[in-house]
Amino acid sequence: MANPFQIAVPDTHLERLRKKLETAVFPDELDDAQWDMGVPLNEMKRLTAYWRDGFNWRRQEQDLNDKLNQFLVPIAVAGFGELDIHCLHHVSSNPSAIPLLFIHGWPGSFLEAIKLIPLLTTGNNDQPAFHLVAPSLPNFGFSSGVKQKGFGLVQYAEAMHAVMSALGYDEYAIQGGDWGSILARVMAMRYPNHAKAIHLNMFPVAPPFPWRNPLLFLQSLLTIPFSSTDKAHLAVTKHYLTQGSGYMRQQETRPQTLGYALQDSPVALLAWIYDKLHAWSDDYPWTDDEILTWVSIYQFSTAGPAASIRIYYEATRNDSSSTPPGLSTTEVLSTAAPSCVKLAVAQFNRELIKTPLSWRGLLGSVVRANEYDCGGHFAAWEVPELLAADLKGFLGKNGQAYGAVAGKDGH
């Protein structure tokens, strides 16, 4: 049973945040550094001052509560007991609407689905409508935190499938980018009779596996006859490997050490997340309110911001002794989805890891593949109309996966 939920951050948490922002101490900055070394000092001082004196969390909180149908869904994950999963659940009035699970990543949240709600819950004879479910992953947002080691990709996938089952959806489609794209593929492996169609806006594959074997990746640039477009895509990935992936190595290897800064310092949390919002989007005009709302979801999260980065650590490990056996990211990206699951990929202009479309067959049964000359890593937020249209084209009438997922009356 899903229980209605409203965001209600305690006053004591707001007061603690204000005090920490008042006593923030900033580092110096090299002349003309701009964005080359990270978030510029003037940006951090401006956003910190606005977070302290101008940003109105209560207004944002009320707006989210007014606009969103939020629930806590109690589920059980094998070996980890019961968890309460926070989710958005917007039911379409269309009796043939398709259940759709939207899975966020890091540093995203359920917020990424907000702009999709009006676009996906309406449809007509030619364009499908969706019952949209957008959970907060365990350890993120207002979902429960996990207190034991070993909660890896298989467990995250189990939690997401359990949410859909609890809401009464036996068959469903999935849309995912970032960790959502990885978890969608795990769900295709584990639940192919339920996750019938998957739409990805990020689709790293192996081989080559550049962020695990950069030498092989660089060698492949010299030995494989890529097209000019493919070379451009791989150049983007190379830049990410050499200039933009340090955060990932830290979160994969020493998340607890980093967690002290993210948990104790809202300025550190702001810098850590804002750096990615800026670097991974396609010149999206972030407003200060947008930035601070995104960061505040982490600041006020149930498990705390340090919990969210543990997925990187757990995903690098494969606990073969667990039940069911674990999966590492390496294994997921090296394994095709079952042929019964239909897949679509949409690659946007400033995705941080770009993959040649010629490699899409490594994913499994990819029946639709498109590239767009705008949009970045946060496609659902930056270009929601494009993402929604591609998804509807995939699952709608005359689409490549039309009829793959049975429509279902809402609950």
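Are Asp275 and Lys276 buried or exposed? Asp275 is buried, and Lys276 is buried as well. Buried here means under 20% relative accessible area, exposed means over 50%, and partly exposed is in between, with a 1.4 Å probe and protein chains only as cover.

Before I go on, this is a predicted model, in which local features need pLDDT of at least 70, side-chain atom pairs count only at pLDDT 80 or more, and totals for chains, interfaces and linings use all residues. Residues are numbered from 1 along each chain as its sequence is written, and side-chain values use heavy atoms, with hydrogens and water left out.

Back to the pair. The side chains of Asp275 and Lys276 form a salt bridge, at 3.0 Å from N to O. A salt bridge is a side-chain nitrogen of Lys or Arg within 4 Å of a carboxyl oxygen of Asp or Glu. The whole structure has 13 salt bridges.

Here are some others. Glu252 and Arg249 form one, with the closest N and O atoms 2.6 Å apart. These two residues are separated by about one helical turn, because they sit three residues apart in helix α9, residues 246-253. Glu252 is buried, at 3% relative accessible area, whereas Arg249 is partly exposed at 45%.

Arg52 and Asp53 also meet through their side chains, at 2.8 Å from N to O. Asp53 is exposed at 58%, and Arg52 is partly exposed at 30%. Then there is a network of salt bridges linking Asp11, Arg58 and Glu61.

Now the strands. Which strand is mostly covered? That is β3, residues 81-90, where seven of ten residues are buried. β3 pairs with β2, residues 70-77, in the antiparallel sense over eight bridges. Two strands pair if DSSP finds at least two bridges between them. β2 and β3 make a hairpin with three residues between them, and Gly79 in that turn has a positive phi of about 85°. β3 also pairs with β5, residues 130-135, again antiparallel, over four bridges.

Next, some backbone details. Trp106 and Pro107 are joined by a cis peptide bond, with omega about 5°. Pro107 is in the loop between β4 (98-103) and α4 (117-120).

Which residues other than glycine have a positive phi? Asn139 has a phi of about 80°, and Asn398 has one near 70°. Asn139 lies in the loop between β5 and α5 (153-166), while Asn398 lies in the segment after α17 (384-395). Asn139 is buried at 4% relative accessibility; Asn398 is exposed, with a relative accessible area of 74%.

Last, Asp31, which lies in the loop between α1 (11-22) and α2 (41-53). Asp31 is exposed, with a relative accessible area of 72%. Together with Asp28, Glu29 and Asp32, Asp31 belongs to a patch of negative charge on the surface. For such a patch, residues need over 30% relative accessible area and no salt bridge, and like charges are joined within 9 Å.

Definitions and conventions
Patches are made of residues with over 30% relative accessible area and no salt bridge: like charges are joined within 9 Å, nonpolar side chains (Val, Leu, Ile, Met, Phe, Trp, Tyr) within 5 Å. Accessible areas come from the Shrake-Rupley method with a 1.4 Å probe; for residues, only the protein chains shown count as cover. Lys and Arg count as positive and Asp and Glu as negative; His and the chain ends are not counted. The place of a charge is taken as NZ of Lys, CZ of Arg, CG of Asp or CD of Glu.
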